[in-house]
Amino acid sequence: MKLVEIRRYPIKSLLGERLATAEVDQRGLAGDRLWAVRDADGKLGSGKSTRRFRRMPGLFTLRGHSGDLVPVVELPDGRRFAADESAGHEAVSEVLARPVTIEREAEVMHHDEGPISLISSAALRRLHDLLGEPVDPVRFRANLLVDVPGSDFPEDGWLGRDVRIGAQVVLRPRRRLTRCVMIDLPQEDVPAHEHLLRTVAEHHDMTFGVWATVERPGRIELQDAVELLPR
C-alpha cells in the first residue's frame, strides 16, 4: 500500500488544496480545518445542519489556501482575502447571502468526527462497481488516499489497528466516517451526483472511509509506504 493523495482544507467546508508533503501532529494535518465560517448564531458553515453546524449553500464556490500566519479565502471571481480581514468577511457574506465571519478554532476542534481521515482506492473501485462509473476521491474530502489493491472496503479492517505511513507517522483508525449530502454536491471539477449518497447508504451503512487519531506525529509525503501493523 502507498500514499497517493494528501489534501488539506485550511478553512472548514471550503474547497482545499493538494499537497506533496505535510506535517502531522496530534490534531491531524497541520493547519487542516483550523478556521471555519461562522454565522451570527455561532454555528459553523457545513453541508449539513446539526447542533454545531449550519448548512450554507455556496461554500463550495469558495476556496481556502494556506497562508503565512492565517489562511487565505478565494472568492468565485478570483479575489483573495486573509481569513481575518473584515473586507473578506463582507465579501464572503455576500456570496453566501448571510452575515458570516471566518474564525480560528478555539477550545473545540472544527473536525466533524476525528483528527485525520483516510479513504482507499479499493473502496473507490467498489463504488465504481456499484454505480457503473468512476468516483472522484475529491467528493469525500479525505485527508489521505491510500492505494490498496482490489475492490472492497479494506479500511473497515483497519479499525483499532496502527497504520504506519512512511518512516515516522503512525495513525490508529477509530471509526468509520458517516457521510452526508456533501458527497453529492458539485465541487472542484466534478458535477452534482444524484445517487452517490444513496449508494453509500444502501451498501455501506452511510459510511465511507475512516477517521483516525495520531499515535506518532511526523512528516508524510506522496508515495510513502503505508503498512498495517500487527496487533
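A nonpolar core is a set of buried Ala, Val, Leu, Ile, Met, Phe, Trp, Tyr and Cys residues joined through side-chain atoms within 4.5 Å, where buried means under 20% relative accessible area with a 1.4 Å probe and protein chains only. In this predicted model, local features need pLDDT of at least 70 and side-chain atom pairs count only at pLDDT 80 or more, while totals for chains, interfaces and linings use all residues. Residues are numbered from 1 along each chain as its sequence is written, and side-chain values use heavy atoms, with hydrogens and water left out. Helices (H or I, at least four residues) and strands (E, at least two) are DSSP runs numbered from the N terminus.

**Nonpolar cores**

- The largest nonpolar core has 22 residues, and Ile-6, Leu-118, Leu-144, Ile-165, Leu-171 and Ile-220 have the most contacts inside it.
- At least two residues of this core come from each of β1 (2–8), β4 (21–25), β13 (116–120), β14 (144–147), β15 (163–165), β16 and β17 (207–216).
- β17 gives the largest share of this core, 3 residues.
- Another core, of 18 residues, lies apart from it and includes Ile-11, Leu-14, Trp-35 and Leu-59.
- In soluble globular proteins, nonpolar side chains tend to be buried together.
- Beyond four places in sequence, Ile-6 is in contact (heavy atoms within 4.5 Å) with residues including Leu-19, Leu-29, Leu-144 and Ile-220.

**Strand β17 and its partners**

- Of the 10 residues in β17, 8 are buried.
- Strands pair if DSSP finds at least two bridges between them; β16 and β17 run antiparallel and are joined by 7 bridges.
- Within β17, Thr-213 stands opposite Arg-172.
- β13 also pairs with β17 in the antiparallel sense, over 3 bridges.
- Trp-211 in β17 has Ser-117 opposite.

**Helix α1**

- Helix α1 spans residues 86–96, and its buried residues are Gly-88, His-89, Ala-91, Val-92, Ser-93 and Leu-96.
- The cover over these buried residues includes β6 (35–39), β10 (72–74), β11 (80–82) and β12 (100–104).
- Ala-97 follows α1 and has a positive phi, near 60°.

**Arg-179**

- Arg-179 sits in the loop between β16 (169–178) and α3 (196–204).
- Arg-179 counts as buried because its relative accessible area is 13%.
- The Arg-179 side chain reaches the backbone oxygen of Phe-208 at 2.9 Å.
- Apart from neighbours within four places in sequence, Arg-179 contacts Ile-119, Phe-140, Leu-197, Met-206, Thr-207 and Phe-208.

How values were computed:
Buried means under 20% relative accessible area, exposed over 50%, partly exposed in between (1.4 Å probe, protein chains only). A polar contact is a pair of N or O atoms within 3.5 Å; within protein, one must be able to donate a hydrogen and the other to accept it, and residues adjacent in sequence count only if both atoms are side-chain atoms.
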